[in-house]
Amino acid sequence: MLFNSIAFLFFFPIVCLVYFAIPKNCIKIRNGFLLTASYYFYMNWEPIYALLLLTSTFITYIASIGIGHCQEKQLKKLCLIGSIVLNLTILFLFKYYNFITDNIELVLLSSHLSIDFPKFTLLLPVGISFYTFQALGYSIDVYKGTTKIEHNFFTYALFVSFFPQLVAGPIERSNNLLPQFKEKHCIDYNRVINGLGLMVWGYFMKLVLADRCAIYVDVIFNHVGAHNGGSYLIASLLFPFQIYGDFAGYSLIAIGVAKVLGFRLMENFHHPYFACTIGDFWHRWHISLSTWFKDYVYIPLGGNRVSKVRCYINLLITFVVSGIWHGANWTFFCWGSLHGILLCIEKAFGINKKSYYGFTRLLHWGATFFLVCFAWILFRANNMHDAIEVINSIITNLEFPNEMQYGIFLAIAAAMCILNIKEYIEEFRPVFFQKLINNKVLVHLYFIFMIAYIILFGVFRGDQFIYFQF
């Protein structure tokens, strides 16, 4: 079920009404209802794939119980390895098998050898990368002894499948979310208003900003070779805002939905395009995933507690894995590798956000934004040939199209202005604007304005969110 669908506009109020109608002392009944609602939410895409969600849940649950009951360290490690291998095998079969076998066949063909691997035409289950990583994070934390074992299977199943963040994050940690399923949640006016405010802003980012950018971006990037450098440049500058509005919009809606129900999800984006270094960007972009890779990949590899060369290798490995996590395509591999290389360069020269102020900081912000936008070309292109064509055309054939879609660009420009003003206020907190924010009348007027703006300029087309494909 999509957040931006009519079905969800009926589903969510019903869930809230039923959840709070159940007495707050009946925690198990409330959790049972949320578990049922979460599986119903997920099964609206492809019911059969709920079995994969259940399988991942069951594997990590059994592994954590095994880790808790085993006395010998080797047996504990065996339980953890079994959980990781089984979950990643499922992820591999659905997401990477065809990509890897196709590339093996090409390599063998170049050596005049031929082999045909069996092919699977399987639809990628929505959110499989997200819930797999969330479940694996729990197994690893249990092994490290940093989180308590959840013996109640249904409570743990709800942790893995909690519908607000099930299919596109944030990727929650067990220490944060699991204990909340044992709390007695009551209706709180301020919390509900705050949650609805996050949802409204999330819908604005998705419907008004991202979906408007997509109208132009998708036409250009899906027909590479039929346009000139100017069109590619415009699309390359719009895509960063499309993916930000799309993904951050989803995260805000998810956080808002959870907050209305009484749950606290972690922040997933924090004004990423105000970053003045690549390292700063990754402290602001998809925070739940970047911290997951830091804790479960980078640090176990040795992190920065090793030699400089080894530290750079650890960074590269982490970002290559991060790139591949996004999809089975060489474009994602190159996108992750480029960010890894840029981070290694920053680390080697001691570049960090605390080193620069004033105009120098502004220059670093501009350079960072340029590099991030350049990398997004690799991320958005359908293949490496298209990515090279787009970059080459921008450099060698920078002619702007004669016919511009001024209506679309005007709507995008207005949405970008609203977005940047809001994030500027939140980032730098000017005193004047802080006084306005504390004025309840103005806050209610803001609510009315945003809802009216979404109705006028945002179309509930039910477009999928970009990160569903990952």
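## A bridge across the chain

The side chains of Arg-173 and Asp-295 come together in a salt bridge, at 2.9 Å from N to O. Arg-173 sits in the loop between helix 7 and helix 8, while Asp-295 belongs to helix 12 (residues 287–298), so the pair ties together parts that are 122 residues apart in sequence. Arg-173 counts as buried, at 19% relative accessibility; the cut-off for that label is under 20%. Please keep in mind that this is a predicted model.

## The overall picture

Let us step back to the whole protein. It has 19 helices and zero strands. Of its 470 residues, 51% are buried. Among contacts with a separation of 6 or more, 76% are between residues 24 or more positions apart. The accessible surface comes to about 22300 Å², and carbon and sulfur atoms hold 69% of that.

## More salt bridges

How many salt bridges does a search of the whole structure find? The search gives seven. Side chains of opposite charge can pair when their charged atoms come close.

One of the bridges joins the side chains of Glu-150 and Lys-182, with 2.9 Å from N to O. This pair links distant parts of the chain, 32 residues apart: Glu-150 is in the loop between helix 6 and helix 7 (153–161), and Lys-182 is in the loop between helix 8 (174–177) and helix 9 (189–221).

A local pairing is found in helix 11 (residues 278–284), where Asp-280 and Arg-284 lie four residues apart, about one turn of the helix. Their side chains meet in a salt bridge of 3.1 Å, N to O, and both residues are buried. Elsewhere, salt bridges link Lys-206, Asp-211 and Asp-246 in a network.

## The nonpolar core

Which residues touch the most other members of the largest nonpolar core? They are Phe-8, Tyr-273 and Trp-376, in a core of 132 residues. Helix 10 (residues 229–261) gives the most to this core, with 19 residues.

Setting aside neighbours within four places in sequence, Phe-8 is in contact with Met-1, Leu-2, Phe-3, Pro-13, Phe-41, Phe-163, Met-199, Tyr-203 and Val-257.

Ile-6, Leu-9, Phe-10, Ile-14, Leu-17 and Val-18 make a nonpolar surface patch of about 600 Å². One of these residues, Ile-14, lies in helix 1 (residues 6–21).

## Helix 4 and its neighbours

Helix 4 (residues 73–95) has 23 residues and spans 32 Å from its first C-alpha to its last, close to the 33 Å expected at 1.5 Å a residue. Its buried residues are Leu-80, Ser-83, Asn-87, Ile-90, Leu-91, Phe-94 and Lys-95. What do the buried residues of helix 4 pack against? Their partners are helix 3 (50–69), helix 5 (97–110), helix 6 (128–144) and helix 13 (308–326).

## Two histidines with positive phi

His-271 has a positive phi of about 50 degrees although it is not a glycine. This residue lies in the loop between helix 10 and helix 11, and at 6% relative accessibility His-271 counts as buried.

His-286 also has a positive phi, near 40 degrees, in a residue other than glycine. Its place is the loop between helix 11 and helix 12. Is His-286 buried or exposed? At 0% relative accessibility, His-286 counts as buried.

Gly-303 is found in the loop between helix 12 and helix 13 and counts as buried at 1% relative accessibility. Its C-alpha is 6.4 Å from that of Asn-314, a residue 11 positions away along the chain. Not counting residues up to four places away in sequence, Gly-303 touches Tyr-298, Cys-311 and Asn-314.

Glu-389, in helix 16 (residues 384–396), counts as partly exposed, with 29% relative accessibility. Glu-389 and Gly-225 are 164 residues apart in sequence, and 7.5 Å separates them in space, C-alpha to C-alpha.

Notes: Residues numbered from 1 in each chain as written. Predicted model: local features only at pLDDT ≥ 70, side-chain atom pairs only at ≥ 80, totals over all residues. Heavy atoms only, no water. Buried < 20%, exposed > 50% of the residue type's maximum accessible area, 1.4 Å probe, protein only. Contact = heavy atoms within 4.5 Å. Areas by Shrake-Rupley, 256 points an atom, 1.4 Å probe, with all protein chains shown as cover. Patch = residues over 30% accessible without salt bridge, like charges linked within 9 Å, V, L, I, M, F, W, Y side chains within 5 Å. Salt bridge = Lys/Arg side-chain N within 4 Å of Asp/Glu carboxyl O. Expected span 1.5 Å × (residues − 1). Core = buried A, V, L, I, M, F, W, Y, C linked by side-chain atoms within 4.5 Å.
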